[in-house]
Structure formats: C-alpha cells, structure tokens
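Welcome! Take a moment to look over the model, and then let us walk through it together.

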Amino acid sequence: MAIFDEDILIIGAGLSGISAACHLKKECPNRNFTILERRTTIGGTWDLFRYPGIRSDSDMFSFGFKFKPWKNAHFFSQGNDIRSYVHEAATENKVFDHIRFQRKVSDANWDSVAQRWVINVVNEATGEPEQYRAKFMMACAGYYNYDQGYRPDFPGESNFKGQIIHPQHWPENLDYTGRKVVVIGSGATAVTLIPSMAEKVEHITMLQRSPSYIFSLPSVDALTKVLQKTLPSKLAYKLNRTRTIGLAHFMFKASKSKPEVVRRFLIAMMRRQLKGSKVDIKHFTPNYMPWDQRLCLVPDGDFFKALRSGKASVATDTIKQFVPNGIELNSGEVLEADIIVTATGLNVQMVGGMKISLDNAPVNLSEKMFYKSAMLQDLPNAAVVLGYTHASWTLKSDLVSGFVCRLLNYMDKKGHAVAVAKTSDVQPVEGFTVLGGLNSGYLKRVADQLPRQGETHPWHNRQDYYHDTKTLLEDPIDEAGLVFEPAKAAEAAKPKLKAVA
C-alpha cells in the first residue's frame with residue numbers, strides 16, 4: 001500500500017476545494033497541499049450535473065471567487081461557463097499539479113500521538129488502497145451524495161411505460177422532442193428544467209406537492225454593463241459583487257423581520273408574471289414564509305414565459321400512483337407523460353460520507369457543534385467548508401479558506417502544531433443544525449445526522465456574510481474556544497499505522 005505524508009490535505013476539487021487551494025497558494029506559499037478528488041476532473045456539482053439549462057441559482061458576482069473577477073455581464077450563468085471559470089482559476093493558480101483524481105476517501109482518523117490525520121483512500125483507477133498522513137485536513141466535498149440523488153419510491157412505478165430520470169443522472173443525448181414530460185418537484189432544478197425543455201416538448205408539467213416562491217431577476221442589468229465598460233475589471237467586479245451581496249442580504253433580513261410584507265411582495269410579482277397565462281395564482285401561494293425554504297430565482301422570467309406560452313403548466317397535488325401512460329393524482333386527474341423527471345432533491349451527507357474517528361474512536365458528527373461555522377468541535381486541525389443556504393455557496397467557502405490560512409499562519413508564527421475547538425459550557429440549540437433553520441425536505445430528512453448549532457458565538461452560525469467576514473477574517477485567531485498544542489517530540493510523532501490486509 002502506498003503511503004503519502006502531506007502537509008495539508010484537501011478533500012474535493014469542486015468550488016470549495018479549488019477556492020481553498022487558491023487561497024493557500026496566495027496566503028500560505030510555504031505550505032504544501034494535495035487535493036483528493038473522486039471524479040476525473042474538477043468542478044464538483046458543475047461537472048456532475050448535465051441536465052438541460054443547468055445554471056447558477058445565485059448571481060455570478062457573489063457566486064464567483066473573490067480573487068477572480070467574473071467578467072461576463074450575465075447575473076446567471078450556464079453550467080459550462082461555470083466549469084470554464086473554475087478551470088481558469090485552477091490553471092491560473094497552478095492548482096492542477098496538486099490534484100490526484102479518482103481517489104475515494106473512506107475514513108479519516110486523528111492520531112493524537114503523531115498529531116496527524118491518517119486518511120484511508122482507494123485509487124479507483126487501479127483499485128489499490130492508499131494512505132495519506134496529513135497535518136491538517138480540509139473537507140471540501142459539499143453536503144450531498146454524488147452517487148445517488150434523493151428519489152422516493154412511487155406506487156406503481158413498474159407500470160409506467162415511459163422513461164424515469166433523476167436530474168443528477170441525466171442520460172446523455174436524451175431526445176425529448178415532441179414528448180410529454182412531467183417534472184416532479186418545484187425547487188431550483190424544476191424551475192430550470194421547465195423553460196429549458198418547453199420549446200422542444202409537446203407539453204411539460206411541473207407537478208408540485210406544495211408551491212414555492214419564484215422570483216424573476218434580469219439576467220443582465222444596465223448598471224452592471226456600464227460598470228464593466230467604464231472601470232477596470234477588478235474594480236467593476238468588486239462594485240457589482242458588493243451590490244449583489246448587499247441586495248441578497250437585505251432580502252433575507254427583510255424576509256425574517258417582515259415576513260408578511262415580503263410574502264405579499266413576492267406573490268404580487270408572481271401574479272404579474274402570470275398575466276396572459278391560464279395558471280391560477282394558487283399554484284404560487286406557498287404555505288410557509290419567505291426563506292423558511294430556499295427562494296427560487298429565475299432569469300428574465302423564463303419560467304413564467306414557458307407558462308404563458310401554453311407549452312408548460314403546473315399541477316399542485318399528491319401522487320396516488322404511476323400508471324402506464326403517466327401519473328394518477330389523488331384528485332383523480334391523470335398527467336400523461338412519456339418521460340417523468342424526478343427533481344425530488346438531494347441526499348445530504350457530511351464530509352463526503354467518510355467516517356471520522358479520534359484515536360480510533362468513532363465520532364458522531366450529529367453530537368458536535370461548529371466553531372465559527374468553520375471547524376467541528378473536538379476535531380483537531382480540521383476545517384469543514386459548508387456554503388450558505390440563503391446566499392452564494394462560494395461566499396462562505398472563500399471566507400472559511402481565508403480563515404484557515406490565517407489559522408495556519410498564526411500556528412506557524414506561534415510554533416503551534418495543533419488547533420482544536422473545544423467547549424464545556426455552550427449547549428446545542430434543539431432542532432437547529434449547522435445548515436440553518438430551513439425546513440426544506442432535504443434537510444428535514446437528515447436533521448438527526450447533521451452537526452448542531454450552539455446558543456452563542458462562536459458556536460452559533462448566523463448565516464450572515466457581514467458577520468462572518470468580521471468573525472473569520474478580522475477577529476483574533478486565539479479567541480476563546482480554540483485550544484492550541486505544541487509539537488510533540490519527533491519520535492513520538494511518528495504515526496502508528498494499522499495493519500492493512
């Protein structure tokens with residue numbers, strides 16, 4: 001078995017992993033790192049998902065990396081453009097030299113004597129086991145299972161004569177021209193698929209159990225174009241980024257402080273978009289307040305244009321069973337379909353699904369809290385990158401990567417070998433996970449498996465970019481809650497390896 005000694009090990013080469021690598025290159029030039037990526041290329045989500053119309057569901061000025069300007073004028077961008085952007089960032093910062101592809105991480109154990117993480121990996125290209133021993137580990141694998149999306153078992157599926165597809169596993173070159181399509185779901189994936197497929201299909205129906213808030217934004221606005229034409233690219237990007245972050249922050253805060261006002265505003269906007277269609281506003285009147293679940297953003301009202309064209313429709317009901325020619329609803333109506341797309345969500349998992357242990361004792365992550373929303377309680381020399389649930393994922397990944405670089409530089413300066421977040425007096429908030437207070441189905445399904453939030457700072461995740469900027473990039477590194485240890489003697493620090501069959 002091959003054994004590798006590493007300084008820093010990054011798990012995952014998606015947006016978070018590439019961000020972490022670029023930050024390390026710029027801010028910790030004396031530190032070496034390796035990225036382990038299970039797939040054959042970088043990009044994570046944006047390489048995995050290939051369904052029609054896949055695009056960002058956040059504006060690109062906040063979705064882009066802070067250190068690399070997004071030069072396109074479009075607020076929303078297609079998946080292939082995002083993949084190109086991530087590849088450019090990795091190339092410009094010479095990150096590809098640090099990546100080992102087709103590596104599946106199975107488990108990670110902290111050896112307190114050696115002061116190292118011992119990570120067991122399978123090289124899926126050869127089938128051979130590998131072991132990595134790292135001083136610091138960054139889990140950048142996102143929060144959902146890449147192998148399998150969430151798809152409930154529907155009664156009578158075997159009776160359906162057509163094709164059933166999950167967006168996470170979209171068939172290459174699927175021809176849906178002139179076909180009848182039903183998309184089950186009403187989240188970001190569904191509202192992307194409907195307008196993208198509407199032009200070619202005979203008809204497409206979005207089948208939802210309950211309505212969602214869908215808000216239309218222009219894909220390009222005049223101020224963005226003016227700033228990009230008249231100012232240097234970095235300055236234009238900074239101003240556009242500041243503006244869009246501020247608007248998103250304001251919308252979220254308003255939704256929490258004046259939910260009824262925001263609710264009325266959103267419904268009025270959807271009502272305006274539905275003019276000229278036969279769709280009833282009841283299909284867009286959710287039974288929850290804005291940002292209790294994610295708000296769906298659509299560029300230029302494309303989703304509503306598909307409804308107004310008559311090629312798309314919405315049904316709000318529950319499924320009784322699949323039948324040979326489609327789906328029978330509990331109301332008795334049958335939605336005819338040649339293709340059924342189950343846009344029913346994701347399977348959430350932490351740290352890429354790997355098992356974590358401390359000195360060979362298994363760690364139950366659901367019993368741990370997050371320190372400054374960057375480090376898990378009691379896990380030494382480890383950071384976990386989780387993006388925002390109400391704003392761009394990349395905003396948070398950039399902040400956490402910046403914090404890790406500050407932490408590593410501080411440890412080097414002070415001669416520390418270990419940093420671990422500990423608390424004895426802060427208790428977790430009941431029913432409030434690290435991913436916030438959303439009641440979305442994909443989070444409720446795994447609420448008992450996710451790390452918790454504490455009652456007070458620095459164990460409480462406020463989901464607030466401005467607060468996190470201060471906490472992660474400005475506040476002292478040696479705040480209460482973070483405990484440091486010096487390096488042990490060289491002989492004692494040699495990892496005690498397990499026998500491998």
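A word on the model itself: it is predicted, with local features needing pLDDT of at least 70 and side-chain atom pairs counting only at pLDDT 80 or more, while totals for chains, interfaces and linings use all residues. Residues are numbered from 1 along each chain as its sequence is written, and side-chain values use heavy atoms, leaving out hydrogens and water.

Now step inside the largest cavity, which has about 60 Å³ of space. Its lining is made up of I245, A248, H249, H390, A391, L395 and Y465, where a lining residue has an atom within 4 Å of a point. Helix α7 (residues 233–257) gives the largest share, 3 residues. By class, 5 lining residues are nonpolar, 2 are polar and none is charged.

Next, find the open sheet of 3 strands, ordered β13-β14-β15 with antiparallel pairing. Because β13 (319–323) and β15 (334–336) stand at the edges with a single partner strand each, one side of each has no neighbour in the sheet. From one strand to the next, the twist averages 20 degrees. β13 and β14 (residues 326–329) run antiparallel and are joined by 4 bridges; V323 has G326 in β14 as its bridge partner. Strands are DSSP runs (E, at least two residues), and helices are DSSP runs too (H or I, at least four), numbered from the N terminus; two strands pair if DSSP finds at least two bridges between them.

Technical notes. Axes are lines fitted to C-alpha atoms, for helices over the stretch in contact, and angles run from 0 to 180 degrees between N-to-C directions. On a 1 Å grid over the protein atoms alone, a cavity is a set of points where a 1.4 Å probe fits but cannot get out, and a pocket is an open set with protein on both sides within 12 Å along at least five of seven lines; lining residues have an atom within 4 Å of a point. Grid points are joined across faces, edges and corners, and a volume is the space filled by probe spheres set on the points. Ala, Val, Leu, Ile, Met, Phe, Trp, Tyr, Cys and Pro count as nonpolar, Asp, Glu, Lys and Arg as charged, and the others, Gly among them, as polar.
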